[in-house]
Amino acid sequence: MKTNDLILQTATKITVFIILAYSLNLFFAGHNTPGGGFIGGLISAAAIVLLLLAFDMKTVNKILPFDFKKVAALGLLIAALTGMGSFLFDVPFLTHTFGHFDLPVFGDTELATAVLFDTGVYLVVVGVTLTIIQTIGEDDD
Amino acid sequence: MIEMLKILFAVIILFGALLSVLSAIGIVRLPDVYTRNHAVSKSATLGVLSILLGTFLYFWIIEGYMNFRVILGFVFLFMTSPVAGHLISRAAYNSKVPLWEKSVRDDLKDKDKHAKKLSQ
């Protein structure tokens, strides 16, 4: 019998954007308030898991055509490179810095290089979580 | 004025807490899974919404701090909680959980027959 998931799928289509927006909020708010790369990555992964629940794996792979093992590797690479970037300025490994800039919309903004490291953490968390879930869920056709 | 507003927010939060208690009583007292689901997915949603609304208004008007995450919380809860109730009810019906014995009408009972008639 053909299943009818119309209500779940319609609700998913709207809520996924709220969840992703909230995860980005947590990711960027992590410097001064609770949040950061780890929890932001987990919430992004949860949004994609919701998509996997409402639709099937083939559809989700068509929407997000990433190999999540490579996403995790890319995150590790970014984290290592931002650590090594400190060598260019003759300071110890993983030294981070920040500065104030006048951005067009945001005004005076404090930009820190720790965000780049956090991007690496974010990508690793998303990649590892989705690799685990997709590997477990892959057995059936 | 501030004191009156504080009392108003306290009333909103207490209303939400009361609704949550009512839904908990509904779980204990009602006879089958569908009526329990009916009690929980409605009154608990409104109860938590009232608590969030009271908290949001308190921090916005008294403390002068507007937290948009709480507004996002309203929208999210308002959209997802009824859907969760619907899915639980449907899963219960599809796994043949019986209705309360005093139920008088079950329109979904012969849905397979209707589906077969429609497909012909």
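Does S86(A) count as buried or exposed, and at what relative accessibility? In this predicted model, local features need pLDDT of at least 70, side-chain atom pairs count only at pLDDT 80 or more, and totals for chains, interfaces and linings use all residues. Residues are numbered from 1 along each chain as its sequence is written, chains are lettered from A and ligands numbered from 1 in the order in which they are written, and side-chain values use heavy atoms, with hydrogens and water left out.

S86(A) counts as buried, at 4% relative accessibility, where buried means under 20% relative accessible area, exposed over 50% and partly exposed in between, with a 1.4 Å probe and protein chains only. The residue is found in the loop between α4 (68-84) and β1 (98-103) of chain A; helices (H or I, at least four residues) and strands (E, at least two) are DSSP runs, numbered from the N terminus. Leaving aside neighbours within four places in sequence, S86(A) is in contact (heavy atoms within 4.5 Å) with V91(A), P92(A), F93(A), L94(A) and T95(A).

Elsewhere in chain A, the axes of helix α1 (residues 6-29) and helix α2 (residues 37-54) come within 8 Å and cross at roughly 170 degrees. Such axes are lines fitted to C-alpha atoms, for helices over the stretch in contact, and angles run from 0 to 180 degrees between N-to-C directions. The crossing makes α1(A) roughly antiparallel to α2(A), a term for angles over 145 degrees, whereas those under 35 count as roughly parallel, 65 to 115 as roughly perpendicular and the rest as oblique. Among the residues that make the contact are L8(A), T12(A) and F27(A) of α1(A), together with G37(A), I43(A) and A54(A) of α2(A).

In chain B, helix α2 (residues 33-62) contains T45(B), which is buried, with a relative accessible area of 8%. Not counting residues up to four places away in sequence, T45(B) touches V40(B), L77(B) and S81(B). The buried residues of α2(B) also include Y34(B), N37(B) and F56(B), and what covers the buried residues of this helix includes α1 (2-29) and α3 (68-94) of chain B.
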